[in-house]
Amino acid sequence: MTEQTTHHPEPSYLVDTGKYKGLMAWLTSTDHKRIGLMYMYAMMVFFAVGVLLGVVMRMELFWPGQQFYGPQMYNGIFTIHGIIMIFTVVIPGLAAVFGNFSMPIMIGAKDVAFPRLNLFSFYLYVLGAAIALSSQFMGNGPPDTGWTFYAPYSIQTHTNVVAAVFGAFVLGFSSILTGLNFIVTMHRMRAPGMTFFKMPLFPWSLYATAWIQVLATPIVGITLLMIIAERWLRIGFFDPSLGGDPVLYQHLFWIYSHPAVYIMILPAMGVITEIIPTFAQKKVFGYKAIAISSLAIALVGYFVWAHHMYTSGMSTTARWVFSLLTFLVAVPSAIKVFNWVTTMYKGSISMKPPMLFAIGFIFLFMIGGMTGLSLGALATNVHVHDTAYVVAHFHYIVFGGVGFAFFAAIYYWYPKMYGRMYNFKMANWSFVFLFSGFNLLYFPQFIIGMMGMPRRYFDYLPQFTFGHQLSFFGGILLVIGFIIMLITLFSKKGAKAPDNPWGGRTFEWRIASPPTLENFEVMPEMGPDEQPYDYK
Amino acid sequence: MHNETAHITPYRAHAWVLITLLTLTFVTITVTWVDLSALTVLVAMLIASVKAYIVLTYFMHLKFESSLFRVFVVMVLAIYVLVILFTLSDYLFR
């Protein structure tokens with residue numbers, strides 16, 4: 001344990017104290033908190049673009065037939081909507097923003113293990129996103145393959161697939177390096193006395209996530225390069241006309257992209273596990289079960305990828321094997337939900353905005369999870385495969401889960417990030433619009449999907465019109481909610497935040513709001529009897 | 001971290017590793033002249049695995065690091081083997 005000798009209060013990390021001032025000070029900063037915020041600003045821009053593209057899609061689908069643009073443009077819009085939302089928003093998502101901002105503080109470290117590598121990861125992220133977006137403006141027009149780049153169409157289409165694929169490849173490197181950085185940080189830089197089973201559960205979820213990032217991302221990286229090699233050099237990996245196997249592409253793609261769903265959702269679960277005990281003022285129920293279930297989800301999540309491929313011509317044996325494995329992954333997910341609800345039981349619940357979003361998350365994640373089981377079951381999957389039902393399911397997980405956890409995390413750590421509070425009433429209104437808009441947007445998709453509405457279709461039969469129109473109005477409510485949230489957080493400075501506005505117990509609530517550059521004036525320690533969630 | 005000492009591998013050990021790797025590369029090329037029919041891929045994979053083991057052990061210092069790193073490597077290899085096995089549940093039963 002070392003103590004600082006100076007008694008002068010250190011300036012906050014938001015004050016430029018280095019060689020550069022203003023924007024340059026941010027762009028060259030290796031401080032984990034500033035890098036986290038830079039990710040957040042970038043993601044908010046990408047998210048706004050993705051939402052806008054979603055609304056443009058919904059406008060076209062308001063009536064059957066062509067309204068504003070043709071089918072080729074529709075294909076391009078849903079492709080770039082998916083690429084932006086998946087690769088630049090939800091995959092880096094909570095890990096890049098709140099993992100960077102909060103995790104080192106929560107484990108009692110001054111920064112991540114490799115601060116320069118951390119900044120390099122951010123620049124790879126920006127570069128990858130720029131390359132992916134450039135696909136819209138170069139070559140033979142925007143890619144029209146969907147974000148999954150399924151072969152052989154991605155080999156044969158004349159649109160600008162290579163740029164989009166290469167952008168995703170570069171974004172993957174950013175993800176791998178961040179994962180590596182976090183693993184080393186959590187192994188080597190925990191505060192004295194903080195054993196692995198005394199580490200808060202958000203870092204635990206990031207630890208499980210980081211292993212997926214490191215182990216699964218290279219597989220999609222090489223797969224995407226194989227597409228480029230096949231397009232440019234005519235090497236027959238996936239295209240049957242060149243002697244390749246298109247099902248092999250789907251295997252390789254989903255070996256990464258299904259675990260990628262856990263890259264997205266595990267940190268979201270971690271955030272919820274921080275928020276619920278804080279706002280219930282109660283020790284988290286089943287600490288070890290939650291920690292181990294994060295690892296279990298990461299591990300079992302590796303082996304469920306082919307449930308995306310039941311109708312792709314796989315062997316019957318593979319189909320039932322993967323269906324069984326898919327059911328297994330539901331167990332650790334359910335353990336978490338059970339523990340969250342049990343933590344709230346008989347707690348002193350304070351319905352502040354972060355808690356409201358956390359409870360919203362549980363509700364939406366449950367719907368997403370339960371509908372996931374009907375998709376994982378072989379017999380029912382065949383009926384709803386590639387329908388709007390799938391669109392609804394994954395939006396309930398990815399937006400209802402990751403998105404709402406992201407909003408919960410912003411409202412939770414905002415006072416720590418900026419040292420300011422925000423207007424609770426406005427924040428609650430943003431929840432009302434986001435939650436009701438979300439359900440109005442995506443729930444009708446379950447119904448029209450069950451009725452037979454295919455996904456990724458530009459036109460549809462008249463019986464699906466009402467469902468699509470409800471979705472459009474839901475989308476508008478959602479946009480209003482998002483705007484209210486931005487106004488609440490960024491339009492004017494709120495009152496000065498105390499160091500611990502929510503009564504939290506983890507390390508970030510024991511330091512100044514906003515934190516100093518090196519987070520701690522005195523290196524924190526955990527006593528032998530101390531636990532991360534010591535509520536009375 | 002403070003109690004750890006960096007291990008410096010002598011040049012002689014590196015030289016032996018290099019010679020072994022070159023020899024195994026020569027063996028890999030040589031066996032391509034022998035008709036092993038169904039065993040061709042298996043033999044090539046075995047030789048490559050031995051080379052990978054030597055690289056991991058000496059060049060990547062696993063031999064001299066804490067056992068935690070060896071646990072990581074075994075875990076990664078186990079996941080790799082399981083991924084291959086589950087993929088074969090498709091290809092072998094079509």
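Chain B is split into domain 1 (1–60) and domain 2 (65–94), with bounds taken from an automatic or database domain assignment. The C-alpha centres of domain 1 of chain B and domain 2 of chain B are 20 Å apart.

This is a predicted model, in which local features need pLDDT of at least 70 and side-chain atom pairs count only at pLDDT 80 or more, while totals for chains, interfaces and linings use all residues. Residues are numbered from 1 along each chain as its sequence is written, and chains are lettered from A and ligands numbered from 1 in the order in which they are written.

In chain A, helix H9 (residues 246–280) packs against helix H12 (residues 353–376) at an angle of about 125 degrees, their axes lying 9 Å apart. Helices here are DSSP runs of H or I, at least four residues, numbered from the N terminus. Axes are lines fitted to C-alpha atoms over the stretch in contact, and angles run from 0 to 180 degrees between N-to-C directions. H9(A) and H12(A) are therefore oblique to each other; angles under 35 degrees count as roughly parallel, over 145 as roughly antiparallel, 65 to 115 as roughly perpendicular and the rest as oblique.

H9(A) contributes Ile272(A), Ile275(A), Ile276(A) and Phe279(A) to the contact, and H12(A) contributes Pro354(A), Met355(A), Ala358(A) and Phe361(A). Residues are in contact if their C-beta atoms, placed from the backbone, lie within 7 Å.

Phe98(A) belongs to helix H4 (residues 93–106) of chain A. Leaving out residues up to four places away in sequence, Phe98(A) touches Gly36(A), Val271(A), Ala409(A) and Trp413(A). The C-alpha atoms of Phe98(A) and Phe202(A) are separated by 9.4 Å, although the two are 104 residues apart along the chain.

Definitions and conventions: Helices (H or I, at least four residues) and strands (E, at least two) are DSSP runs, numbered from the N terminus. Two residues are in contact if their C-beta atoms, placed from the backbone, lie within 7 Å.
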